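Subject: Structure for you to look at

Hello,

Here is the structure I said I would pass on. My notes on it follow below.

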Amino acid sequence: MPTTNPCHVGRLKAVLSWMLLPLVLLFGAMAQPASAQSVLTGVVTNSATGRTLTGARVALKGAGKEVLTDDTGTYRFTEVAPGSAVLSVSYTGLTTVDVPVQVTAGGLSRQDVGLTSDIYTLNKFVVSGEREGNAQAITLQRNSTGVKSIVSSDAFGSLAGNPADLAMRLPGVEGESVGGDIRYIRIRGISQNLNTIMMDGNRMADAGSAGTTREYQFQQIGADSIERLEVTKSPTPDMDGDSIGGAVNMVSKSAFDRKGGRQVSGSIGAIWRPLDQRDEPIRNYSISYSEVFADKLGVAFNYGQRATRSLIDTSTQNHQLLPVGVTGPAYTYNFMVGDTR
């Protein structure tokens with residue numbers, strides 16, 4: 001009967017052990033539960049108005065981490081060391097605050113922050129709108145990657161009617177009025193055909209009646225749903241290079257612009273020229289509603305109806321047609337004056 005050499009058996013076991021060792025280590029590592037990351041998040045708002053603050057600077061002291069809030073005012077830190085920490089939150093025009101937080105190990109910690117300013121105690125309702133609108137525009141311009149001018153709709157009070165009335169307040173932008181309403185805007189004196197008009201980053205189609213050019217007619221859209229306007233004069237690499245004059249982006253209102261709750265606002269007005277017999281009173285109105293449900297679902301509704309009657313004096317005249325090759329004075333044989341509305 002053949003016998004097995006004990007030395008050979010020992011060597012075989014050693015070889016098998018070394019071959020199986022990587023597999024044992026691999027499966028052992030897979031069997032160990034992965035440690036969950038500690039995450040710190042929250043929303044930064046204006047305590048006086050409840051508005052969420054876009055572009056607020058949030059720093060985690062002692063950790064060397066700093067982020068900017070997104071369009072909903074939300075900040076988020078990942079891989080945060082558990083235990084006590086301090087958040088430093090700042091925003092243009094508002095007082096910087098330091099907020100102590102407690103970070104849960106391997107879980108999600110939430111800390112909302114409300115900013116305010118001592119100036120609000122003087123005249124809350126008058127000062128807050130102008131300060132906050134300008135502060136938002138300045139903050140977004142400071143954080144932009146290119147040359148951009150931004151204006152918020154509440155920087156000049158309640159914007160009514162045509163959004164071009166707001167855009168023409170920016171430097172380098174002029175509006176062209178047709179029939180008493182701003183129809184075109186030009187950037188840096190360049191034709192309106194060489195500009196790009198967008199809504200929330202999406203290209204807007206030509207609103208002209210013929211539709212044969214690239215121009216955009218602003219009297220076709222209402223300003224009730226516009227939150228702010230952004231004018232980019234130097235396109236960044238992520239933008240199309242088809243705007244010699246510049247690109248205008250109209251950012252629509254969102255229910256997440258304010259933290260929670262229900263917001264309802266409206267306006268009503270009239271246009272009447274009592275000393276002009278041609279005129280009839282015109283009533284204008286608008287209503288806005290927004291609400292956030294369970295911090296997840298936001299609903300926003302904006303509706304407005306505005307009409308403007310332009311009373312224009314006109315004159316027409318017809319001249320004598322001279323024969324070909326004949327130069328000389330020609331008399332006027334027909335002249336009429338009238339008005340349109």
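Please keep in mind that this is a predicted model.

I start with the charged pairs. Arg 262 and Glu 291 join their side chains in a salt bridge, with an N to O distance of 2.9 Å. Arg 262 belongs to strand β16 and Glu 291 to strand β17, so this pair ties together parts that are 29 residues apart in sequence.

Within it, Arg 186 and Glu 174 meet through their side chains at 3.4 Å, N to O. Arg 186 is in strand β11 (residues 181-187) and Glu 174 is in strand β10 (residues 173-178), so the bridge connects parts 12 residues apart in sequence. Glu 174 has 35% relative accessibility and therefore counts as partly exposed.

Another salt bridge pairs Glu 230 with Arg 228, and here the closest N and O atoms are 3.1 Å apart. Both Glu 230 and Arg 228 are buried. The count for the model comes to 8 salt bridges.

Next, the aromatic rings. The count is 3 aromatic pairs. One of them is formed by Tyr 216 and Phe 218, with 5.1 Å from centre to centre and 80° between the planes. Planes over 60 degrees apart count as edge-to-face, so the Tyr 216 and Phe 218 pair falls in that class. Tyr 216 and Phe 218 are both buried.

Last, the surface. Which residues make the nonpolar surface patch? Val 264, Ile 268, Tyr 285, Ile 287, Phe 301 and Tyr 303 make it, and the patch covers about 630 Å². The elements that each give two or more residues to the patch are β16 (262-271), β17 (282-293) and β18 (297-305). Ile 268 is in strand β16 and counts as exposed because its relative accessibility is 76%.

Regards

Definitions and conventions: Residues numbered from 1 in each chain as written. Predicted model: local features only at pLDDT ≥ 70, side-chain atom pairs only at ≥ 80, totals over all residues. Heavy atoms only, no water. Phe/Tyr/Trp six-rings, centres within 6.5 Å; stacked < 30°, edge-to-face > 60°. Buried < 20%, exposed > 50% of the residue type's maximum accessible area, 1.4 Å probe, protein only. Patch = residues over 30% accessible without salt bridge, like charges linked within 9 Å, V, L, I, M, F, W, Y side chains within 5 Å. Areas by Shrake-Rupley, 256 points an atom, 1.4 Å probe, with all protein chains shown as cover. Salt bridge = Lys/Arg side-chain N within 4 Å of Asp/Glu carboxyl O. Helix = DSSP H or I, 4+ residues; strand = E, 2+ residues; numbered from the N terminus.
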